[in-house]
Every structure is written in structure tokens, then in C-alpha cells.
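The sequence and the structure are shown first.

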Amino acid sequence: MEARSRLLAEITGYAGAGVIVGAAALLLAPAWSAAAGPARVGLLVGAAVGLTLAGLVVVVLGGGLSSLGAPRRGGRRRLVSVLLTSAAGSWAGAVLATGPGLAFDGGPAPPGALAAATVLAVGAGAGYLLAPSTLGQLTALGGWATASALVCQVALAGPSSLRTGLGLVAAGAGWLAMAEAGGWRERGVARTAGALLCLVGAQLPVPARSQTGYALTALLCVLGLALYLRTRALEYLLVAALAGTLAVPQTALGSLTRGGAAAAATLLVTGAGLVVAGLVGLRRRRRGAHPHRW
């Protein structure tokens with residue numbers, strides 16, 4: 001009964017936040033279609049201020065910041081998170097419409113893209129500090145990853161896909177470091193999102209047959225296994241298996257064996273290795289729960 005009540009509170013909190021955000025969008029829609037330039041920026045700023053104030057009002061009426069951490073106040077915490085995260089998105093949109101542009105050989109970035117991504121990451125991060133939630137964390141990660149990719153596009157040399165990939169890998173690595181330091185309440189979500197972001201970044205240069213992409217993917221497989229052995233977090237084992245599955249055909253098959261029987265043999269060896277790794281992980285977990293049983 002208690003679990004059902006908490007689930008109902010969660011659904012109600014998200015639904016209430018969605019209704020508030022939807023009502024704000026509905027009110028702004030006619031003015032947005034008729035506005036242009038500075039007027040649209042003003043609408044976005046107004047929406048950001050309104051959503052921020054709404055979130056703070058919910059915090060005050062709900063008993064202050066300390067009450068948001070209570071287990072029975074999860075619905076209110078998620079409501080505040082949705083409001084403040086939406087406000088961060090509105091602030092980022094306003095900056096995107098007014099900031100200076102960036103240009104790189106992969107094509108021009110939207111005006112103010114770097115500043116907007118930074119505002120999104122900082123705003124969502126601040127909202128997360130007040131009201132932690134998966135939504136706030138992933139929104140902050142989106143802004144952080146975008147800003148990191150844009151910085152690498154401007155600061156580094158080489159193909160555009162490689163620079164973007166390196167930026168995503170750096171962002172994911174930073175996210176994982178914060179997760180292991182206890183910086184995120186939803187540690188499993190942080191581990192999964194950070195590791196997958198690293199994998200996506202490592203894979204971006206691969207279509208251009210970049211050796212760096214192959215090396216990053218293989219390195220991610222090794223590091224994932226090392227982190228799993230250190231933390232026993234299954235998220236790392238899963239990403240290590242995905243990275244290994246991708247790295248073998250891309251390197252051994254594409255660059256060395258070029259198909260045929262050797263390619264099949266390489267796949268078989270890799271598959272066997274992944275199965276053994278999975279069995280080792282299951283055995284360690286089972287022995288941790290039942291020390292005297294396999």
C-alpha cells in the first residue's frame with residue numbers, strides 16, 4: 001500500500017508539473033508566433049522567471065529546502081525539479097537567441113550555442129542541488145556534453161567528428177568521476193549515462209576509419225571492466241561488453257582480418273571472452289550474496 005501511495009505521488013507530481021509547464025506554453029504560444037527578435041527573447045526570459053518563481057514558491061510552501069529530502073516528499077521534490085529544469089531550458093533558449101555565434105569546419109553553430117549550453121548545464125545543475133531528480137541530472141548532462149563538444153570543436157585540430165567525439169568522451173569521463181565521488185543522488189543513472197556518453201563519443205570518429213576511435217572504444221572496454229571489478233556496478237560491465245563487441249569487428253575484422261574464416265574466428269574468441277566475463281561477474285555477485293555457494 002505504501003509503495004502504491006509513493007507511486008501515485010510520483011505520478012501526480014510529474015503530472016502537476018507537466019500541466020503547469022503546458023499552461024505556460026499555451027499562454028505564450030500566440031504571443032510567440034506574432035513576436036520576432038527581442039520580443040521572443042523577452043517571452044523566454046519571462047517564462048524562465050515565472051517557472052523559477054513557481055519552483056521557489058512550491059519549496060517555501062512545502063516547508064523549505066530541508067523538507068525536499070524527506071522520503072515522503074518525493075512528489076514535491078520532483079515537481080520542483082521539473083519547474084526549475086524547465087526554467088533552465090528557458091534561460092538557455094533566451095541566451096541562444098541573443099549570444100554570439102561560433103563557427104567551425106563542421107558547419108556554423110547556432111548563435112550563442114556555447115553560452116546557451118553552459119547556461120543550461122549551470123541552471124539545471126543549480127536546480128538539481130535544490131531538488132535532485134533524474135530529469136535534472138540528465139538535463140545538466142545534456143548541457144555539459146554540448147558545451148564540451150563545442151569547446152573541443154573550437155580548441156582542437158582534426159576532423160569534426162573526432163573533435164566532437166573527444167568532447168563527449170571528456171564530458172562522460174567527468175560525469176563518471178562525479179558519480180564515483182558521490183556527487184549524484186541517482187548514482188546508477190549517472191554511471192549509465194556517463195559511460196554511454198563515453199561510448200558514443202568513442203564511436204563518432206569510427207565511420208571515418210579513425211584509429212583514434214578504435215583505440216578509444218577498446219580502451220573504454222578495458223576501463224569498464226576495471227571499474228566493474230572495483231565497484232561491482234553492473235552498469236560498467238554492460239558498457240564494457242558493448243564496447244568490446246563494437247571494438248573487435250571494427251579493429252580486428254575491418255583492419256586486420258578483412259572478413260572470411262579469420263573474421264569468424266575472431267568473433268568466436270571475442271564472444272567466448274564476453275561470456276566468460278559475464279560468468280565471472282555473476283559468480284562474484286552470487287558469492288557476495290551467498291559466500292558458501294557458487
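Predicted model: local features only at pLDDT ≥ 70, side-chain atom pairs only at ≥ 80, totals over all residues.

Contact here means heavy atoms within 4.5 Å.

Thr 52 belongs to helix α2, which spans residues 38–61. Leaving out residues up to four places away in sequence, Thr 52 touches Leu 84, Ala 87 and Trp 91. Between Thr 52 and Leu 83 the C-alpha to C-alpha distance is 6.7 Å, although 31 residues separate them in sequence. Thr 52 has a relative accessible area of 23%; because buried means under 20% and exposed over 50%, Thr 52 is classed as partly exposed.

Ala 48 also has its place in helix α2. Ala 48 is buried, at a relative accessible area of 0%. Residues up to four places away in sequence aside, Ala 48 touches Ala 87, Ser 90 and Trp 91. Ala 48 and Ala 88 lie 6.9 Å apart in space, C-alpha to C-alpha, and 40 residues apart in sequence.

## Packing of α7 and α9

Two packed helices are described by the angle between their axes and the distance between the axes. Helix α7 covers residues 160–180 and helix α9 residues 211–231; their axes come within 12 Å and cross at roughly 5°. That crossing angle makes α7 roughly parallel to α9.

On the α7 side, Leu 162, Leu 166, Val 169 and Glu 180 take part in the contact, and they meet Thr 212, Leu 216, Arg 230 and Thr 231 of α9. By type, the residues of this contact are four nonpolar, two polar and two charged.

## Nonpolar cores

The largest nonpolar core has 18 residues. Those with the most contacts inside this core are Leu 141, Ala 145, Leu 168, Trp 175, Trp 184, Ala 190 and Leu 197. At least two residues of the core come from each of α4 (74–98), α5 (113–130), α6 (134–155), α7 and α8.

Neighbours within four places in sequence aside, Leu 168 is in contact with Ala 145, Ala 149, Leu 197, Val 200, Gly 201 and Leu 204. Another core lies apart from the largest one; it has 12 residues, including Leu 176, Cys 221, Leu 237 and Ala 243.

## Helix α8

Helix α8 runs over residues 187–203, 17 residues in total. From first to last C-alpha α8 reaches 24 Å, close to the 24 Å expected at 1.5 Å a residue. Its buried residues are Ala 190, Arg 191, Ala 193, Gly 194, Ala 195, Leu 197, Cys 198, Leu 199, Gly 201, Ala 202 and Gln 203.

Technical notes: Residues numbered from 1 in each chain as written. Heavy atoms only, no water. Helix = DSSP H or I, 4+ residues; strand = E, 2+ residues; numbered from the N terminus. Expected span 1.5 Å × (residues − 1). Buried < 20%, exposed > 50% of the residue type's maximum accessible area, 1.4 Å probe, protein only. Axes fitted to C-alpha atoms, helices over the stretch in contact; angles between N-to-C directions. Parallel < 35°, antiparallel > 145°, perpendicular 65-115°, else oblique. Nonpolar A, V, L, I, M, F, W, Y, C, P; charged D, E, K, R; others polar. Core = buried A, V, L, I, M, F, W, Y, C linked by side-chain atoms within 4.5 Å.
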